Amino acid sequence: MGTPRTFAGEGAACDSPRVVAARVCFTLLLVAFLGACGATHDRAARQPVSTTRATACTDRLPLDTLLDGVSGRSPRPLILALHGARQGGYGMQRYTELSYDASGFLVAYPTTPHDNGFWDVNDVPRLLALVDAIARCVPVSTVTAVGLSNGGLMAHALACRAADRVRAVVLVASGYEGLGRCSPSRPVSVLDIHGTSDQVVGYRGLRAFVGAWARRDGCSPTPTARREPERVTHVRWHGCTGGSRVEHLRVAGDIHGWPSLADANGPMVAFLRSLV
């Protein structure tokens, strides 16, 4: 079973368990508040998301997984949407509404098997088994992952340990410490999105973290930076190996959670769509 320490980035290694627990509780209250307030885009006009067709195959998916986008017989790219601490797959689906914007993708929302509500970086084999189970139900062309907070750390673990299976990851307010050695077998494209006022996973160290991925992917050492609307700075590394991409969206003043942008899902889906 995993432990709350896998929610890397909540505090330094020297934090006491009481401090870590307090930060975890604050995160849960914050996520609940953000979820209650709704997404940053207009959700009121949207109809409820339809999940899977009622089939015996999809009903038996491991990790209590919701699967959206099941239609037709053509192979589709798969997004593993990995929830934050104690959020669950259903909570991730409702909070992000990623399926609405990811047309043409399969979007899977698994739930951690651990009673503490956290993903553990050693859950990589479980998630790969889920991918295999989905592929037995519906044709899958490529595999990517989008992870929020503790789920971001899990997506990072997939990129490090299963690069032969996972083509790209999007890390949102992600933990970036405590994973251990990262030696992917091939380049993996990475988009990192983080608010500068994140009070749970501090922004300090983010550029170095993303820069390490640029080095792994053989990108040029000096990135370009472009100011975009809504206080966003778009940082890109160029010349990466094998057509991979490493990018970072710095959202000035944003706190821990899904990005408070008018179209938060758009840049994520566009990034993944360009790679599958």
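Biologist: What does E230 count as, at 38% relative accessibility?
Modeller: This is a predicted model, in which local features need pLDDT of at least 70 and side-chain atom pairs count only at pLDDT 80 or more, while totals for chains, interfaces and linings use all residues. Residues are numbered from 1 along each chain as its sequence is written, and side-chain values use heavy atoms, with hydrogens and water left out. Buried means under 20% relative accessible area and exposed over 50%, with partly exposed in between, for a 1.4 Å probe and protein chains only. Because its relative accessibility is 38%, E230 counts as partly exposed.

Biologist: Near what value is the phi of E230?
Modeller: Most residues other than glycine have a negative phi. E230 lies in the loop between strand 7 and strand 8, where strands (E, at least two residues) and helices (H or I, at least four) are DSSP runs numbered from the N terminus. Although E230 is a residue other than glycine, its phi is positive, near 60°.

Biologist: Which residue with a positive phi follows helix 3?
Modeller: Helix 3 covers residues 88-96, and its buried residues are G88, G89, M92, Q93, Y95 and T96. The residue that follows helix 3 has a phi near 50°, and this residue is E97.

Biologist: By how many Å are the C-alpha atoms of A108 and T65 separated?
Modeller: A108 is found in strand 3, residues 106-109, and with 0% relative accessibility it counts as buried. Along the chain A108 and T65 are 43 residues apart.

Biologist: How many disulfides does the count come to?
Modeller: A disulfide is taken to be a pair of cysteine sulfur atoms within 2.5 Å. If the bonded cysteines of the chain are numbered in sequence order, the pairing reads 1-2, 3-4, 5-6. By the distance rule, the count of disulfides comes to three.

Biologist: Why is the disulfide of C57 and C137 left-handed?
Modeller: The sulfur atoms of C57 and C137 are 1.8 Å apart. C57 lies in helix 2 (residues 56-59) and C137 in helix 5 (residues 124-137), so the pair ties together parts that are 80 residues apart in sequence. This disulfide is left-handed because the torsion about its S-S bond is about -90°.

Biologist: Are C160 and C182 buried or exposed?
Modeller: C160 and C182 are joined by a disulfide with an S to S distance of 2.0 Å, and with -95° about the S-S bond this link is left-handed. C160 is in helix 6 (residues 150-161) and C182 in the loop between strand 5 and strand 6, 22 residues apart. Both C160 and C182 are buried.

Biologist: What is the torsion about the S-S bond of C219 and C240?
Modeller: C219 lies in the loop between helix 7 and strand 7 (224-228) and C240 in the loop between strand 8 and strand 9, so the pair ties together parts that are 21 residues apart in sequence. C219 is buried, with a relative accessible area of 12%, and C240 is likewise buried at 12%. The disulfide is right-handed, because the torsion is about 110°.

Biologist: What is the angle between the planes of Y176 and F209?
Modeller: Rings of Phe, Tyr and Trp (its six-membered ring) pair if their centres lie within 6.5 Å, and planes under 30 degrees apart count as stacked, over 60 as edge-to-face and the rest as tilted. The structure holds one aromatic pair, formed by Y176 and F209, whose centres are 5.8 Å apart. Y176 and F209 are both buried. The pair is tilted, and the angle between the planes is 35°.

Biologist: Over the ring of which residue does the charged end of R216 sit?
Modeller: A charge sits over a ring if NZ of Lys or CZ of Arg is within 6 Å of the ring centre and within 35 degrees of the ring normal. The charged end of R250 sits over the ring of Y203, 5.7 Å from its centre. For R216, the distance to the ring centre is 4.6 Å, and the ring belongs to W213.
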